[in-house]
Amino acid sequence: MSSLQNHFLIAMPTLDDPFFQRSVTYICEHNEDGAMGLVVNQPVDLTVGGLLKQLEIVVPDASKTLDLPVYAGGPLARDRGFVLHAPVDHWRSSLRLSDDFMITTSKDILESMGQGTPPEKFILTLGYAGWDAGQLEQELAENSWLTIPADPDILFNTPVRERWQKAAARLGIDVWQLGPDVGHA
């Protein structure tokens, strides 16, 4: 199977794992050793401003950025933050994932948010999703996921409650009309 890096995994309606139900996951890395991604449509009860205050990062009094939600990026390492953002190359540990996306894990990006200079478009997650070698391929074979190339419009411009259905609609389908049976031609 080819790499699914820079793709969205769209949970099938029958996926009953409580963490991944109706999820859209951006795949940051996928190779023979496994895969790593960030769930991008599961907000937690915390804002960016609230997280910055918990981290004792000084925040300006008023900024739209501070009201943005923080997302549960996955069930692993929930104490680690990941910022998925449009390309901007001036933070210490930024990694370009594609022409449309970068990921940054260093504290300097959070400090920039606190100073009112965040990336133009971003989401902040706590935790990540991970798959061991062959595990994601097995889940795909079991009909747990649909895949599409990652789309910055879905990630940055679509309301969170609409991301799952809009991602599936890019395949020309209504996810609610999909059946639970796996078919192989």
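Please keep in mind that the model is predicted. Strand S9 pairs with S3, with S5 and with S6, which makes S9 a handy place to start.

**Strand S9 and its partners**

- Strand S9 covers residues 122-132, and its pairing with strand S3 (residues 34-39) is antiparallel, with 4 bridges.
- Within that pairing, glycine 37 has alanine 129 of S9 as its bridge partner.
- With strand S5 (residues 69-72), S9 runs in the parallel sense, and the two share 3 bridges.
- Here tyrosine 71 sits opposite threonine 125 of S9.
- Strand S6 (residues 76-85) joins S9 through 6 bridges, in the antiparallel sense.
- On this side, isoleucine 123 in S9 is the bridge partner of leucine 84.

- As background, nonpolar side chains in soluble globular proteins tend to be buried together.
- If you click on leucine 84, its contacts beyond four places away in sequence include Tyr26, Leu38, Val40, Leu97, Phe101 and Met102.
- Leucine 84 also touches Lys121, Phe122 and Ile123, as well as Leu155 and Phe156; Ile123 is its bridge partner in S9 too.

**Threonine 25, a buried residue in S2**

- Threonine 25 belongs to strand S2 (residues 24-31).
- Its relative accessibility is 0%, so threonine 25 counts as buried.
- Leaving out residues up to four places away in sequence, threonine 25 touches His7, Phe8, Leu9 and Phe20, along with Gly37, Leu38 and Val39.

**Salt bridges**

- The whole structure contains 3 salt bridges.
- One joins the side chains of aspartate 151 and arginine 170, at 1.7 Å from N to O.
- Aspartate 151 is in the loop between strand S10 (145-149) and helix H4 (152-157), while arginine 170 is in the segment after helix H5 (163-169), so this pair ties together parts that are 19 residues apart in sequence.
- Aspartate 151 counts as buried because its relative accessibility is 14%, whereas arginine 170, at 41%, counts as partly exposed.
- Another salt bridge connects the side chains of aspartate 153 and lysine 166, at 3.0 Å from N to O.
- Because aspartate 153 is in helix H4 and lysine 166 is in helix H5, this pair ties together parts that are 13 residues apart in sequence.
- Both ends count as partly exposed, with relative accessibility of 27% for aspartate 153 and 28% for lysine 166.
- Arginine 170 also forms a salt bridge with aspartate 153, where the closest N and O atoms are 3.3 Å apart.
- Since arginine 170 lies in the segment after H5 and aspartate 153 in helix H4, the parts tied together here are 17 residues apart in sequence.

**Positive phi angles**

- Most residues other than glycine have a negative phi, so the next two residues deserve a look.
- Asparagine 6, which is not a glycine, has a positive phi of about 65°.
- You will find asparagine 6 in the segment before strand S1 (7-11).
- Glutamate 56 is also a residue other than glycine with a positive phi, near 60°.
- Glutamate 56 lies in the loop between helix H1 (48-54) and S5, and counts as exposed because its relative accessibility is 73%.

**Glutamate 137 in helix H3**

- Glutamate 137 is part of helix H3 (residues 135-141).
- With 26% relative accessibility, glutamate 137 counts as partly exposed.
- From glutamate 137 to phenylalanine 122 the separation is 15 residues in sequence and 28 Å in space, C-alpha to C-alpha.

Conventions
Residues numbered from 1 in each chain as written. Predicted model: local features only at pLDDT ≥ 70, side-chain atom pairs only at ≥ 80, totals over all residues. Heavy atoms only, no water. Pairing = 2+ DSSP bridges. Buried < 20%, exposed > 50% of the residue type's maximum accessible area, 1.4 Å probe, protein only. Contact = heavy atoms within 4.5 Å. Salt bridge = Lys/Arg side-chain N within 4 Å of Asp/Glu carboxyl O.
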